[in-house]
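Please find below my notes on this model.

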Amino acid sequence: METQDLERLVRPNILSMRPYSTARDECEGRPEIFLDANESPYGNGFNRYPDPHQKQLKEAVARIKGTSPDHIFLGNGSDEAIDLAYRIFCRPGIDNAVSITPTYGMYGVAAACNDTEFRTVPLREDFSLDEEALLAAADANTKLLFICSPNNPTGNRFPTWQLTRIISSFNGIVVLDEAYIDFSSEEGLLPMLGSFPNLIILQTFSKAWGMAGLRVGMAFASPFIIRLFSNVKYPYNINGLTQEIVLKRIETSGPETGPVIRERERVSRVLAECPGILKVYPSEANFILVKCRDPKGLYRKLLDNGVIVRDRSGIPGCEGCLRITIGTGPENDRMLHTVTSACGRENREEASSSGQEGESRNSTVFRETSETGIAAMMDLDGKGPSFISTGIGFFDHMLEQIARHSGISMLVYAKGDLNVDEHHTIEDVGIVLGKALAKALGSKIGIERYGFVLPMDESEASVLIDLGGRTDFRWDAEFKRERIGDMPTEMFSHFFKSLAESACCNLHVSATGENEHHKIEGIFKAFARALKMAVAHDRFPYSIPSSKGVL
Ligand code: PMP
């Protein structure tokens, strides 16, 4: 598209207008006394108007984005750029804009403000883009096409090949909103800006840069379009303090995405295991969309526990969905605890009625008391993810040894009264894991039943296990230290005892050694190895590995 073609898209009044210019724009000298702008002469840090062109800030943005200042517009949030796009291109009452649905609500709001018809094309059920339908919704008066990628609230990113095809076949302006691109696994389209004169890319300092309160959004486009934005905006749309702070921030650090992305994956994994959560949609943003069995009920429970999420269940295409922003680890923990306990209650009945879970040898157990709330999932054949979070670092480390060395996938999420003591949490995790093991074993048909190991590490640890159904627990290991890491050593035997009793198995543990850490790690690994042997499928065709014919 050539500049003259672009000109045809612009409202004639905007194309012909003379923009406001300040006395300082018009002057060529180096004035020292400013009697031009009716400001207060008394210096307080803010008595002068800020730079209307945000020269320094744009240079810094250009540097980090690999572009030049004449390709950049800075607005009061990217919301300002959305509104200005309508004001520049859409003749009120005549032109229209097209977008997808569901998507970010401000495209429609700004259309309404600017008396512009807003047409939407539904995403497919898997949230993919129906390119043909999108282009077919446009007519000769369609000036703007809004696409948000990664999309809010669905969280998915549209493939670059599809976006570039749409941009090159559309005869108007494509506004590609990349507010969440920093959280995505792929780069956005900014490096291709030069190839598409009809493209405006929106990004923001509100998300990955953590500066939503300062209100700075970016639009990247051809110098022709950027000039139009500059002509139409309020002269001093970014205040001086904001310019200063954002500039300093760019010079000293970058966007913060790593921990959010890691938390997003963790939260997604845990939520995916909750029976009340029907679907966790994959996300390339800093939020996830989840389809819930009872979205209103869950929303209410979260709110009662002080957690607000976005209820999107009333939006076509998002029926049953809540949108959950990724917070800090502890914030996500609190949200997850509410969700898992809400789902646990809902699931308890189901779990007992479904009983044996058949060939798949997996189980899910929820347990909630006034002291702890615990969710555990186990897959004896290692088909699921493993994730452990109990709030006790050393205990997590030991449980991870069980998962790793047994080949059993284990998901354990526990929130206990650690402010009181570790006792309840450790004991209850043992109980829940024992239950999960028993439930996953089901009828025990075809299993090895016995497991044992011989000395491991420099410490000698041996664990004997019999999954036959009788319960006998023996412990022969002493610890000189009161704690290892943040775990009391007296709780090691208590954990295994709780597990053995609730799994109904014989468990004999003994260990000797000098190094306390190695000794207990040896016990957990030996337990894992013994368990691995005992749950394995027996290569001999006993249906039940007992002379009694039952276990
Ligand atoms: N685009 C999208 C897709 C958004 O979700 C948001 C805000 N939630 C914005 C733009 C607006 O961001 P800003 O804070 O830069 O106005």
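Notes on the ligand site and beyond

1. Among the 13 residues around the ligand, those that come nearest are S78, D177, Y180, T204 and S206; a residue counts as near if one of its heavy atoms lies within 4 Å of the molecule. The model is predicted, with local features needing pLDDT of at least 70 and side-chain atom pairs pLDDT 80 or more, while totals for chains, interfaces and linings use all residues. Residues are numbered from 1 along each chain as its sequence is written, and side-chain values use heavy atoms, without hydrogens and water.

2. By class, the shell around the ligand holds 4 nonpolar, 5 polar and 4 charged residues. Gly counts as polar and Tyr as nonpolar in this scheme.

3. Polar contacts are pairs of N or O atoms within 3.5 Å. A side-chain N or O atom of T204 is 2.6 Å from a ligand oxygen. For K207, a side-chain N or O atom is 2.9 Å from a ligand nitrogen. R215 places a polar side-chain atom 2.8 Å from an oxygen atom of the ligand. The protein buries 91% of the 400 Å² that the ligand exposes when taken alone (Shrake-Rupley method, 1.4 Å probe).

4. The domain assignment, automatic or from a database, gives domain 1 (3–21 + 54–252), domain 2 (258–352) and domain 3 (362–535). Taken over C-alpha atoms, the centres of domain 1 and domain 3 are 54 Å apart.

5. The second largest cavity has about 60 Å³ of space, a volume being the space filled by probe spheres set on the grid points. Its lining includes V270, E273, F366 and Y413. On a 1 Å grid over the protein atoms alone, a cavity is a set of points where a 1.4 Å probe fits but cannot get out, and lining residues have an atom within 4 Å of a point.

Conventions. Polar contact = N/O pair within 3.5 Å; in protein donor to acceptor, adjacent residues only side chain to side chain. 1 Å grid on protein atoms, 1.4 Å probe; cavity = no way out; pocket = protein on both sides within 12 Å on 5 of 7 lines; lining within 4 Å.
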